[in-house]
Amino acid sequence: MNLQRRFLIAVPYAWLLLLFFVPFVIVLKIALSNIALAIPPYEPTLSWSEGWSGLVAFFRQLDFDNFVFLTQDSLYWKAYLSSLQIAFFSTLLTLLVGFPVALGMANAPERWRPMLMLMIILPFWTSFLIRIYSWMGILNQEGLLNQLLLWVGVIDDPLKMINTNFAVYIGIVYTYLPFMVLPIYATLEKLNPALLEAAQDLGCNRTQSFWLVTVPLSKPGVIAGCFLVFIPALGEFVIPSLLGGSQTLMIGKVLWEEFFSNRDWPVASAVAIVLLLILIIPIILFQRNEQKQREAEA
Amino acid sequence: METQTASGDTLAPWEDATAKPLISFRDVSKRFGGFTAVEALNLSIYKGEFFALLGPSGCGKTTLMRMLAGFEAPTTGSILLDGVDIAKVPPHKRAVNMMFQSYALFPHLTVAENIAFGLKRTAMAKADITARVEEMLKLVQLENFAARKPHQISGGQQQRVALARALARAPKLLLLDEPLAALDKKLRQETQFELVDIQEKTGTTFVIVTHDQEEAMTVATRIAVMDHGRLVQVDSPDRIYENPNSVYVADFIGDVNILRGRGRTRTDGKVEIVWADGQPGLVGTSDEPLDNAECALAIRPEKIAISSTRPVQDANALQGAVHDIAYLGNTSTYHVRLPNGQILKAQETNSRRISKRKYTWEEEVWLSWSETAGVVLTR
Ligand SMILES: Nc1ncnc2c1ncn2[C@@H]1O[C@H](COP(=O)(O)OP(=O)(O)O)[C@@H](O)[C@H]1O
Ligand SMILES: [Mg+2]
């Protein structure tokens with residue numbers, strides 16, 4: 001192997017080391033530390049001046065107390081569970097909304113498709129925060145949606161939508177919809193239309209050919225889309241903070257509060273480490289799916 | 001090329017006026033926007049036939065198939081299956097199955113599941129489905145590949161799976177759109193005979209689309225030659241070959257020499273053609289009387305004899321010089337240039353191993369053929 005190839009392979013590894021592994025070790029170290037009234041707000045800190053004995057003393061002070069603490073206060077595991085639940089159901093909802101959108105795009109006349117694609121991506125060109133704030137305006141007690149419903153006469157009193165889990169679901173589905181639509185669209189667009197004709201020829205009506213051919217063949221896209229929504233939704237912080245209420249429990253929010261309100265960096269770091277460990281499982285599954293698809297296409 | 005199918009026990013329902021066709025096209029036209037893909041087409045196909053649609057790419061063969069399968073509806077006219085207009089019957093309710101040009105096998109299902117796919121849409125019992133799948137696998141000799149996925153088998157095997165899948169539901173009519181186009185030549189020829197075999201075994205009516213005239217000649221009981229959405233001639237392979245009704249058909253099927261001129265029917269019923277200044281007239285046969293009308297004499301290369309001296313008995317004899325010789329192993333084709341510059345092809349069978357050719361380049365030779373060897377065509 002020549003130097004150039006070694007270098008090319010080294011680049012992504014260096015990238016991972018620098019931007020993933022090093023920060024991870026730093027966060028892990030903080031998670032193993034104790035809270036302190038200092039700057040930074042934890043101890044021990046490593047001081048090189050004391051040499052070997054200093055290093056030993058430093059490692060002696062590290063412990064798993066913060067992780068033990070996470071299991072003692074029910075807040076944390078409830079927040080993890082509730083995050084998993086919200087991420088799961090919002091992924092499901094995004095799939096239910098995203099699949100028909102992707103199907104419609106894939107079946108649209110070819111000359112419309114770039115336009116439709118643009119419309120899916122367009123919201124990304126404005127700030128995420130601004131879009132979430134607009135949802136606050138829409139879902140408010142006096143917001144657009146309530147006014148509309150009152151005006152139509154469906155309801156007599158304004159609904160409480162903002163600061164509920166309902167608003168969080170809307171926010172997540174809205175924000176992550178493109179991540180669901182694009183991979184599904186990519187698989188559906190590649191689908192050979194002759195396969196659907198063959199299914200019809202062999203006795204399927206439209207519904208049957210959809211379930212027996214379209215759905216199974218779009219599975220890789222569906223799986224990819226679900227992971228792309230589920231993984232970021234699990235650690236989501238902005239949406240539950242701005243749209244969710246006091247009863248909306250999500251681990252991202254807990255993390256934020258630990259870090260900035262309590263200034264308990266070690267516990268916040270422990271929360272982050274556990275979140276990462278939970279996410280590693282779906283991330284590995286996602287990678288597997290991608291690899292399997294690449295192999296199938298090869 | 002002229003291999004005839006064994007089914008030729010003078011089964012020719014199309015000659016029987018009382019026979020009821022399985023399929024009839026009545027004045028069927030199909031337009032895509034302003035483009036006419038099929039025009040005012042009338043055609044009957046009978047039960048048990050192996051019917052070939054033959055024509056160049058883009059002449060409307062697939063469109064015709066798709067109308068039978070139900071994926072396209074005729075713009076005007078009607079199609080009857082067993083005497084019933086099928087315009088309103090959706091594809092999944094037609095007793096017609098299609099083998100697609102690209103096979104369209106379901107990539108997520110195994111070979112056996114692909115074959116069972118159509119059966120599972122019927123009320124058939126599970127055990128019967130399994131038995132039927134076994135039977136089909138046996139028919140196409142793929143028993144050992146039942147559990148494979150389509151991408152794990154060869155192109156030839158995929159072609160058989162597609163055939164088995166389409167036949168599994170025992171359709172009244174099986175449509176095959178260029179079923180062998182993706183196979184290499186040798187496999188294609190083997191498969192042609194297998195297709196004929198399977199067609200006879202199952203007794204299903206087959207309609208095959210092809211742009212390969214040899215393939216059509218090999219498998220079909222009848223051939224429809226198409227051109228730009230119209231039927232030019234519908235006939236048995238031997239009649240298409242020996243009695244083409246137009247220069248288009250003669251030229252499309254096999255090799256042919258075309259000599260253009262003006263023809264006049266003689267008192268003995270033969271047609272005499274004046275075709276080039278300073279050249280003797282030619283004699284041929286025609287079904288219709290001609291009176292100094294423009295026409296063409298179509299003569300197949302294998303019906304032209306070649307000799308170094310003027311032959312005595314043949315009615316037609318022309319002199320020319322050997323321009324080119326194509327040695328094909330079993331036959332040799334001599335390209336002979338006539339004094340007016342036209343090249344005629346004459347084919348000789350190499351029945352003996354010869355180290356020396358009979359005729360060589362630029363040698364003066366005589367070409368001759370009988371009065372009945374060529375057909376006079378007015379179209
Ligand atoms: N869905 C369609 N829309 C427009 N034109 C079509 C369509 N299907 C076929 N055609 C046109 O009709 C003609 C006949 O096509 P086809 O039946 O596929 O020919 P073949 O199978 O003989 O090669 C072609 O010129 C083709 O471009
Ligand atoms: Mg075609």
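Which residues are buried in H3(B)? In this helix, Arg132(B), Val133(B), Met136(B) and Leu137(B) are buried, a residue being called buried if 20 or more other C-beta atoms, placed from the backbone, lie within 10 Å of its own, exposed if 12 or fewer do, and partly exposed in between. The structure is a predicted model, in which local features need pLDDT of at least 70 and side-chain atom pairs count only at pLDDT 80 or more, whereas totals for chains, interfaces and linings use all residues. Residues are numbered from 1 along each chain as its sequence is written, while chains are lettered from A and ligands numbered from 1 in the order in which they are written.

Helices (H or I, at least four residues) and strands (E, at least two) are DSSP runs, numbered from the N terminus. Seen down the axis of H3(B), the buried residues fall within an arc of 140 degrees, so they line one face of the helix; the arc is that of the directions from the helix axis to the C-beta atoms. An α-helix has 3.6 residues a turn, so residues three or four places apart point the same way. On the other side of H3(B), the exposed residues are Ala127(B), Asp128(B), Ala131(B) and Lys138(B). The cover over the buried residues of H3(B) includes helix H2 (111-119) and helix H4 (155-168) of chain B. After H3(B) comes Gln141(B), with a positive phi near 55 degrees.

Strand E6 (residues 96-99) of chain B is covered on both faces: Val96(B) and Met98(B) are buried on one side, and Asn97(B) and Met99(B) on the other. In a regular strand the side chains alternate between the two faces of the sheet. E6(B) runs parallel to strand E7 (residues 173-177) of chain B and is joined to it by four bridges, where two strands pair if DSSP finds at least two bridges between them. Leu175(B) in E7(B) is the bridge partner of Met98(B).

Between the chains, 14 residues of chain A are in contact with 16 residues of chain B, contact requiring that the C-beta atoms of two residues, placed from the backbone, lie within 7 Å. Helix H9 (193-201) and helix H10 (206-217) of chain A each supply at least two residues of the side of chain A that touches chain B. H9(A) gives the most to that side, with six residues.
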